[in-house]
Amino acid sequence: MTARALAIALLVITGCGPAPVARDVPSAPPTETAGAERAEQTARPTASPSPSPQSSLPPRVTREIAGIEFVIVDGPADLRVEPSLSRADEALVGAVIEADIPAVEREFERAFAARPVIYVFATTEGYVQGFVRIFGYTPTVAAFVAENSISFFEPSLGLIAVNWDAIRGRRPITAIRHELTHLLTLDACTPRCDLVPAWLNEGQGRLAEALAPGGEWRLLRVRYESASMAETGTLIPLNTLVSQFAWNSLTDWAGYFKYQEAARAVELLREDVGGPAPMARVYERLRRGQNIAQAYAALTGRSFDDFVSGLAGRMRSSAPEARGIVAVAREGASPSYLLYGFAPSSTVTLTISGPRGSESVPLDISPFGATFDSIPATRTRGGYTVSAQGEQGIFTVTLSKTSPGGSGDMR
């Protein structure tokens with residue numbers, strides 16, 4: 001497996017429906033005339049004025065790279081943001097990166113060899129153009145990657161791209177941490193990146209999101225959704241998630257749930273290896289030429305076959321009951337809930353009861369037995385009871401909505 005094949009990552013959108021279809025991205029590297037080096041050769045530092053005469057902020061420093069203007073933000077990363085981002089958004093991106101970089105370095109007990117280069121595009125259109133002009137992708141590949149990702153790491157160039165419009169409303173913002181994890185993985189595994197299975201690489205990136213401060217709701221979903229897969233017999237065998245090609249070939253619902261399973265597997269692997277930086281210990285073994293099974297056995301004294309065979313039981317135990325509904329609290333979002341352990345692809349009757357009455361609708365369960373949804377943001381504040389009734393019984397959870405609803409919504 002090449003370094004590019006190892007690290008290419010489509011960060012699929014987390015939601016109540018299936019992830020966007022994640023087809024395999026062509027693995028040919030960008031042309032020699034494209035990429036960071038060529039872009040830097042055309043860079044021209046300039047200075048632009050502050051947003052308003054009253055502002056006490058220093059003027060932004062801008063640079064044109066491959067025909068696109070960026071604001072250059074000083075800090076632990078070589079951060080380049082499009083000028084249409086507000087000063088507040090620019091500061092938020094900088095603060096996120098300032099927290100992410102040391103967290104990722106602690107995970108590997110390894111510092112970035114150079115400041116990560118991160119491009120933040122204000123819109124999806126800019127995101128596409130960045131892939132074409134800076135990354136050297138064809139328009140077709142650029143459009144595909146942009147459609148199926150919210151952030152992206154290109155290993156052959158060592159560059160990270162972020163679609164700010166797609167991630168700005170998510171709290172906490174963790175997409176950049178995911179890509180930084182891939183970037184440092186590429187350094188941590190050299191010269192034996194061929195020994196890193198896709199499930200380990202991708203699962204570690206997803207787990208990094210869930211372990212970020214404020215990301216407890218993401219960790220809850222990782223645990224309960226993998227438990228649902230185990231309960232319903234829909235876990236994807238790890239030995240089919242070794243190559244990046246096989247990983248990328250799983251799309252639609254499987255394109256989302258593979259991340260949840262892999263993240264939980266990595267969490268359990270970290271637990272078994274132990275120590276303050278278990279993944280650093282794993283990658284030290286990989287660099288020495290041990291595969292993941294050999295590294296696990298050497299570090300734990302247990303067989304990797306036993307680890308794999310025990311995954312279903314350990315994942316199933318993450319949830320206190322075989323099936324049910326659990327509340328999912330997300331910062332700045334409407335109260336959410338997760339149904340798990342239901343018969344795959346079945347239909348249940350969902351009833352939402354609140355301050356202004358009740359209504360029932362059919363709800364389709366995913367092929368992996370779990371489905372995520374939220375109380376509509378337009379609903380009035382107050383207490384809500386969500387019930388799911390199907391052949392396996394009736395399951396209920398109570399939620400509290402503290403934000404006001406829409407003025408025209410009487411439900």
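**Close-up views of a predicted protein model**

**Figure 1. Overview of the protein chain.** The secondary structure of the protein chain amounts to 15 helices and 15 strands, and the coordinates shown are those of a predicted model. Of the 411 residues in the protein chain, 53% are buried. When contacts between residues at least 6 apart in sequence are considered, 67% of them join residues at least 24 apart. The protein chain exposes about 17,100 Å², and carbon and sulfur atoms supply 53% of that area.

**Figure 2. Helix α7, residues 175-189.** The end C-alpha atoms of helix α7 are 22 Å apart, which agrees with the 21 Å that its 15 residues should span at 1.5 Å a residue. Because 14 of the 15 residues of α7 are buried, this helix is largely enclosed by the rest of the structure.

**Figure 3. The packing of helix α8 against helix α11.** Two packed helices are described by the angle between their axes and the distance between the axes. For helix α8 (residues 198-210) and helix α11 (residues 252-273), the angle is about 90° and the axes are 7 Å apart, which means that α8 is roughly perpendicular to α11. The residues of α8 that take part are W199, L200, E202, G203, Q204, R206 and L207, and those that they meet in α11 include Y256, Y259, Q260, A262 and A263, as well as A265, V266, E267, L269 and R270. Helix α8 itself has 13 residues and reaches 18 Å from its first C-alpha to its last, close to the 18 Å expected at 1.5 Å a residue. It is also mostly covered, with 13 of its 13 residues buried.

Figure 4. Leaving aside residues up to four places away in sequence, T300 touches D272 and V273.

Figure 5. The side chain of S336 makes a polar contact of 2.6 Å with the side chain of S374, while the backbone oxygen of S334 lies 3.1 Å from a polar atom of the S336 side chain. Not counting residues up to four places away in sequence, S336 touches V326, A327, V328 and R330, together with F372, D373, S374 and L399.

Figure 6. G324 is found in strand β9, made up of residues 324-328, and it counts as buried at 4% relative accessibility. The C-alpha atoms of G324 and I394 are separated by 8.5 Å, although these two residues are 70 residues apart along the chain. When residues up to four places away in sequence are not counted, G324 touches L338, L339, Y340, F342 and F395.

Key: Residues are numbered from 1 along each chain as its sequence is written. This is a predicted model: local features need pLDDT of at least 70, side-chain atom pairs count only at pLDDT 80 or more; totals for chains, interfaces and linings use all residues. Side-chain values use heavy atoms; hydrogens and water are left out. Helices (H or I, at least four residues) and strands (E, at least two) are DSSP runs, numbered from the N terminus. Buried means under 20% relative accessible area, exposed over 50%, partly exposed in between (1.4 Å probe, protein chains only). Contact means heavy atoms within 4.5 Å. Accessible areas come from the Shrake-Rupley method with a 1.4 Å probe; for residues, only the protein chains shown count as cover. The expected span of a helix is 1.5 Å times one less than its number of residues. Axes are lines fitted to C-alpha atoms, for helices over the stretch in contact, and angles run from 0 to 180 degrees between N-to-C directions. Angles under 35 degrees count as roughly parallel, over 145 as roughly antiparallel, 65 to 115 as roughly perpendicular and the rest as oblique. A polar contact is a pair of N or O atoms within 3.5 Å; within protein, one must be able to donate a hydrogen and the other to accept it, and residues adjacent in sequence count only if both atoms are side-chain atoms.
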